[in-house]
Amino acid sequence: MQVDRLDGGGGNLGATTPRQVRSVGCGTRGVGCVTRIVGFLVAVSGLNRIRTRTMFGILEVQDVVIGVLMIAGGIAAVFAGTRLSRFGRRHTTRLVKDAGALDPQSYILYLRPFDLDDELYRIKPVPALNPIRRMHTPYSRTFEEHMVWHLRLRLGPVVAVGRPDERLPLSGARRFYLPLDDWKPTVSNAIRKARLVVLATGTGEGTLWEFTEVVRLMPPERLLVTVFTDEPEYDRFRSAAEAAFAARAAGLQGEEARRLTAFRWPAYPPLKKPDAITRVVGARGYIVFGPDWTPEFVRVDPTAVRALTLAGRNHAMMRRQVNPLMRRIKRGLAQAPAPGVTAPAPPPHAPDVAPGGAE
């Protein structure tokens, strides 16, 4: 059956229901945890074997070979245990059986192109520097789990639309599944009832429709746009979104049409030190909006902080760039219009917005 997928792609998809087996998930998670612990102990034992025999001057070739094999085997066991734990959590993650039964203003709705799921699933977030917090952070946590954990801690629980062709849901946001032939009313209702909508950029037809629907229905304080792409890809999204907004506005009237027509996207801000060699894992930046829909692109900029290690740099970016943004969003949610109150449209034909705010 040909369907219009939320990420804009088309495919011959049938209705699928995730086949979770909780006993399999619990068992796999337990095996993964034990495998990681044993692998770590084996690797440490191999290192100690080489170091101890070197200190006493009795190191032989066979000791080096055995020690190296123990280290390599231990590291392989740690990675295998990590994959087992991730797979087990997919069997035990909770689902939303009925999206219509969700209480208004009780959840954050996370919408994204489905292709992004595979990309984020492969990303390992940087572990916490605090040893106490690290004990409560699974080593096998994916980037989505990391992001959802921070959102839930600061703003509330997170739900997302499940991929229609997936056999198992990814761990992170709680998934709900849509009818393949008439998904838009369910998503529109979920958007209307959400406390906050977190949207990832993408050029698919379904993703662009979600952007127009959020701007049509929600006050600006209740929208957070996450940018995972580089500048050229963001510019392609920006052009596609502007065309989608204009096309959608042509079929509307009144305040909704004016809001979509006047909406403008900010430019992609440069790094503080453009010539520096950088590596950003996950989100490249976030776009938030003022009460009059004035956008601001908050760049995740590793060149704007100093640290001796990659972990230290990432935590400095979280502390100085992301955490203030989350506090700003929390204040905006407290001041946002009540559900059902129409937010004002932005000024007509607003000029292009410079990085960091309006000109």
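**Notebook: salt bridges and a helix pair**

I started with Glu233 and Arg236, whose side chains meet in a salt bridge at 2.5 Å, N to O. I'm working from a predicted model here. Both residues belong to helix 8 (residues 231-250), and because they are 3 residues apart there, about one helical turn separates them. Next I checked how open each one is. Glu233 has 27% relative accessibility, so I noted it as partly exposed. Arg236 comes out at 48%, and that makes it partly exposed as well.

A reminder to myself: side chains of opposite charge can pair when their charged atoms come close.

**Arg163 and its partners**

Which side chain meets Asp115 in a salt bridge? I found Arg163, at 3.7 Å, N to O.

Buried or exposed: what is Arg163? I wrote down buried, because its relative accessible area is 14% and the cut-off is under 20%. Asp115 is another story, with 53% relative accessibility, so it counts as exposed.

I then looked up Asp118, and its side chain also meets Arg163 in a salt bridge, this one at 3.3 Å, N to O. Asp118 lies in helix 3 and Arg163 in the loop between strand 4 and strand 5, so this pair ties together parts that are 45 residues apart in sequence. I put Asp118 down as partly exposed, because its relative accessibility is 39%.

**The wider tally**

How many salt bridges does the structure hold? I got 15. I also came across a network of salt bridges that links Arg112, Asp117, Glu144 and Arg175.

**Helix 5 against helix 10**

Last, I turned to a helix pair. Helix 5 (residues 143-154) packs with helix 10 (residues 310-335) at an angle of about 45°, and their axes are 11 Å apart. That angle is why I call helix 5 oblique to helix 10. I noted the crossing of the two as right-handed.

Which residues make the contact? From helix 5 I listed His146, His150, Leu151 and Arg154. From helix 10 I listed Met318, Asn323, Met326 and Lys330. Sorted by class, the contact of helix 5 with helix 10 has 3 nonpolar, 3 polar and 2 charged residues.

Notes:
Residues are numbered from 1 along each chain as its sequence is written. This is a predicted model: local features need pLDDT of at least 70, side-chain atom pairs count only at pLDDT 80 or more; totals for chains, interfaces and linings use all residues. Side-chain values use heavy atoms; hydrogens and water are left out. Axes are lines fitted to C-alpha atoms, for helices over the stretch in contact, and angles run from 0 to 180 degrees between N-to-C directions. Helices (H or I, at least four residues) and strands (E, at least two) are DSSP runs, numbered from the N terminus. Angles under 35 degrees count as roughly parallel, over 145 as roughly antiparallel, 65 to 115 as roughly perpendicular and the rest as oblique. A crossing is left-handed if the near helix is turned anticlockwise from the far one by less than a right angle, and right-handed if clockwise. Contact means heavy atoms within 4.5 Å. Ala, Val, Leu, Ile, Met, Phe, Trp, Tyr, Cys and Pro count as nonpolar, Asp, Glu, Lys and Arg as charged, and the others, Gly among them, as polar. A salt bridge is a side-chain nitrogen of Lys or Arg within 4 Å of a carboxyl oxygen of Asp or Glu. Buried means under 20% relative accessible area, exposed over 50%, partly exposed in between (1.4 Å probe, protein chains only).
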